[in-house]
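Please keep the sequence and the model in view while reading.

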Amino acid sequence: MIPILLLCAVLSHPSPQTALKPLIDNDRVTVWDVTGHATAQPLDAVVVSLSGSATFLPKGTAPNVAGRAIVIDLKDHPVAPIANTSGYPLAFPRPGSKKILENDRVIVWDYTWTPGVPTPMHFHDKDVVVVFLDDGDLSSTTLDGKVTTNSYTPGTVRFNPRDRTHTETLVRGKQRAIITELK
């Protein structure tokens with residue numbers, strides 16, 4: 001009886017080797033929420049800290065994570081360039097944005113929304129991974145006037161596909177994000 005109970009206890013106890021589930025996994029990226037030590041990345045990656053910094057890691061490099069960070073593994077899935085025929089400016093650069101990193105794989109921006117002030121109507125020519133750093137609600141309005149409001153808290157991550165035109169307004173709280181455009 002005791003061996004059976006021990007076997008049941010071992011089987012019901014989660015293994016330390018249990019794989020984490022990614023936050024996002026598609027043909028462009030796999031995104032992980034990491035706390036503490038992380039292993040070497042099998043792909044090029046961008047590491048975004050929740051304090052608002054971003055670092056590019058070539059494949060095979062282990063991220064130096066202090067606290068919680070978002071690791072964006074960049075898959076080798078090139079996409080053809082998309083032309084901006086919208087008549088609106090590109091999403092970035094935009095007033096108030098700060099470019100914090102650029103290479104042949106990504107452009108990473110730091111942006112803080114101003115309460116009640118809409119961003120200019122803009123066109124996204126690149127897929128983006130957005131890591132939100134604060135607690136606030138953003139209202140997005142498309143060209144046809146459709147309004148969608150979403151709440152974001154620190155560490156919320158979203159993948160937004162390219163070929164979108166919209167404006168955004170901070171309608172509650174405060175919000176800052178690190179936005180990684182995929183080349």
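**Basis of the model**

This is a predicted model, in which local features need pLDDT of at least 70 and side-chain atom pairs count only at pLDDT 80 or more, while totals for chains, interfaces and linings use all residues. Residues are numbered from 1 along each chain as its sequence is written, and side-chain values use heavy atoms, with hydrogens and water left out.

**The chain as a whole**

The chain contains one helix and 14 strands; helices (H or I, at least four residues) and strands (E, at least two) are DSSP runs, numbered from the N terminus. Of its 183 residues, 40% count as buried. Here buried means under 20% relative accessible area, exposed means over 50%, and partly exposed lies in between (1.4 Å probe, protein chains only). A contact means heavy atoms within 4.5 Å. Among contacts between residues at least 6 apart in sequence, 71% join residues at least 24 apart.

**The nonpolar cores**

A nonpolar core is a set of buried Ala, Val, Leu, Ile, Met, Phe, Trp, Tyr and Cys residues joined through side-chain atoms within 4.5 Å. Which residues have the most contacts inside the largest core? They are Val 29, Val 31, Val 46, Val 48 and Ile 72, in a core of 18 residues. At least two residues of this core come from each of β2 (29–35), β3 (45–49), β5 (68–74), β7 (106–112), β9 (128–132) and β14 (176–182). The most is given by β5, with three residues. With neighbours within four places in sequence left aside, Val 31 is in contact with Pro 22, Leu 23, Ile 24, Ile 70, Val 71, Ile 72, Val 129 and Val 157. A second, separate core has 14 residues, including Tyr 111, Val 128, Val 130 and Ile 179.

**Strand pairing**

Two strands pair if DSSP finds at least two bridges between them. An open sheet is formed by five strands in the order β1-β2-β5-β3-β4, with antiparallel pairing. Its edge strands, β1 (24–25) and β4 (54–57), each pair on one side only. In a regular strand, side chains alternate between the two faces of the sheet.

Strand β14 pairs elsewhere with β7 and with β9. Six of the seven residues of β14 are buried, so this strand is largely enclosed by the rest of the structure.

| Strand pair | Bridges | Facing residues |
|---|---|---|
| β3 and β4 | four | Val 46 and Phe 56 |
| β7 and β14 | seven | Trp 109 and Ile 179 |
| β9 and β14 | five | Val 129 and Thr 180 |

**The second largest pocket**

On a 1 Å grid over the protein atoms alone, a pocket is an open set of points where a 1.4 Å probe fits, with protein on both sides within 12 Å along at least five of seven lines; lining residues have an atom within 4 Å of a point. Grid points are joined across faces, edges and corners, and a volume is the space filled by probe spheres set on the points.

The second largest pocket has a volume of about 270 Å³. Its lining consists of 19 residues, of which Tyr 152, Asn 160, Arg 164, His 166 and Glu 168 lie nearest its centre. Two or more lining residues come from each of β9, β10 (136–142), β11 (147–152), β12 (157–160) and β13 (164–173). By class, the lining has eight nonpolar, seven polar and four charged residues. In this count, Ala, Val, Leu, Ile, Met, Phe, Trp, Tyr, Cys and Pro are nonpolar, Asp, Glu, Lys and Arg are charged, and the others, Gly among them, are polar.

**Residues in the loops**

Asn 26 lies in the loop between β1 and β2 and is partly exposed, with a relative accessible area of 22%. Although Asn 26 and Lys 75 are 49 residues apart in sequence, their C-alpha atoms are 8.9 Å apart in space.

Lys 59 belongs to the loop between β4 and β5. Not counting residues up to four places away in sequence, Lys 59 touches Gln 41, Pro 42, Leu 43, Asp 44 and Asp 76.

Most residues other than glycine have a negative phi, and most peptide bonds are trans. Asp 163, in the loop between β12 and β13, has a positive phi, near 70 degrees. Asp 163 is exposed, with a relative accessible area of 53%. Phe 92 and Pro 93 are joined by a cis peptide bond, with omega about 0 degrees; Pro 93 is in the loop between β5 and β6 (98–102).
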